[in-house]
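Hello! Here are a few friendly notes to read alongside the model.

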Amino acid sequence: MKQARQALGLTSKIGGVVRDVAVVIAIWLGVTTLAYASYHIPSESMVPTLEVGDRLLVNKYVYGYSRYSMPFNPPLFDGRILKNAPERGDIAVFFVPKGAGPNIDEGTTYIKRVVGLPGDTVQVRNGRLVINATVVPRRALRTLDLVDRHGFPVRVTEYEETLPGGTSHRIYERSDRARYDNTRTFRVPEDHYFMMGDNRDNSEDSRAPGGFTFVPAEQLIGRADVISFSIADCDRLVDDRCAAGVPVGRFFRALN
């Protein structure tokens, strides 16, 4: 009898642990599906706004939901539900499925800035962004000598660019004669968006042939709202406060 009670007690404890784990998993799935997801920055395409090693909170409910905004992209439905359109200047996370272009070998998650809305014409001419036949204003802030993640020296000019509607953000330009600094005129289709990186001469984005030219609304995952924490290399940062090699100045930074 004693052994039976001990076995029953052990089974009850195991059952309690299983239930607790199941609750944690259910909460995690609920939060990452409906509210916020975490995303890390693996490349320099959004410098100076985002650095390699930043960890972001991505707002998923702001654009509504599609199969691509859910964990593992389950094919439960087509299109979006509770749909809201991105605004120009949003920093958007989106999924590009396999086969979207010859330079996209497998399904990949990207983060870029929304610069072109449905119906817009977008062109880059001599390094200047042109939207609906109007050159987007930019203001030179400074010239910086940096080291890229591969250890090579890079000289960039930092600009403040102001998109139609008034959203301003910083960009880096190595020159106005680099690849993708002169493009054809793109007309953004209905329910699609034109994306660009803030590090203009080091970004594979909607300008690049063989990749994603326009991003369908269905493939949007969410809007990057805040840097939750960062493990960026302090030796490569320009203005951020570091403590013991940790870029604490980037923690909990709201994005625009």
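1. Threonine 183 sits in the loop between β10 (168–173) and β11 (186–187); strands here are DSSP E runs of at least two residues, numbered from the N terminus. At 15% relative accessibility, this threonine 183 counts as buried (under 20% relative accessible area; exposed is over 50%, partly exposed in between, with a 1.4 Å probe and protein chains only). Neighbours within four places in sequence aside, threonine 183 is in contact with Gln123, Val124 and Arg207 (heavy atoms within 4.5 Å).

2. A word on the basis: this is a predicted model, where local features need pLDDT of at least 70, side-chain atom pairs count only at pLDDT 80 or more, and totals for chains, interfaces and linings use all residues. Residues are numbered from 1 along each chain as its sequence is written, and side-chain values use heavy atoms, leaving out hydrogens and water.

3. Now the aromatics: the whole structure holds nine aromatic pairs (Phe, Tyr or Trp rings, the six-membered one for Trp, with centres within 6.5 Å; planes under 30 degrees apart are stacked, over 60 edge-to-face, the rest tilted). Tyrosine 36 and tyrosine 61 pair edge-to-face, 5.9 Å centre to centre with 90 degrees between the planes. Tyrosine 36 is in strand β1 (residues 36–40) and tyrosine 61 in the loop between β2 and β3, so the pair ties together parts 25 residues apart in sequence.

4. Phenylalanine 186 and phenylalanine 214 also form an edge-to-face pair, at 6.3 Å and 85 degrees. Phenylalanine 186 counts as buried at 4% relative accessibility, while phenylalanine 214 is partly exposed at 21%.

Terms used. Helix = DSSP H or I, 4+ residues; strand = E, 2+ residues; numbered from the N terminus.
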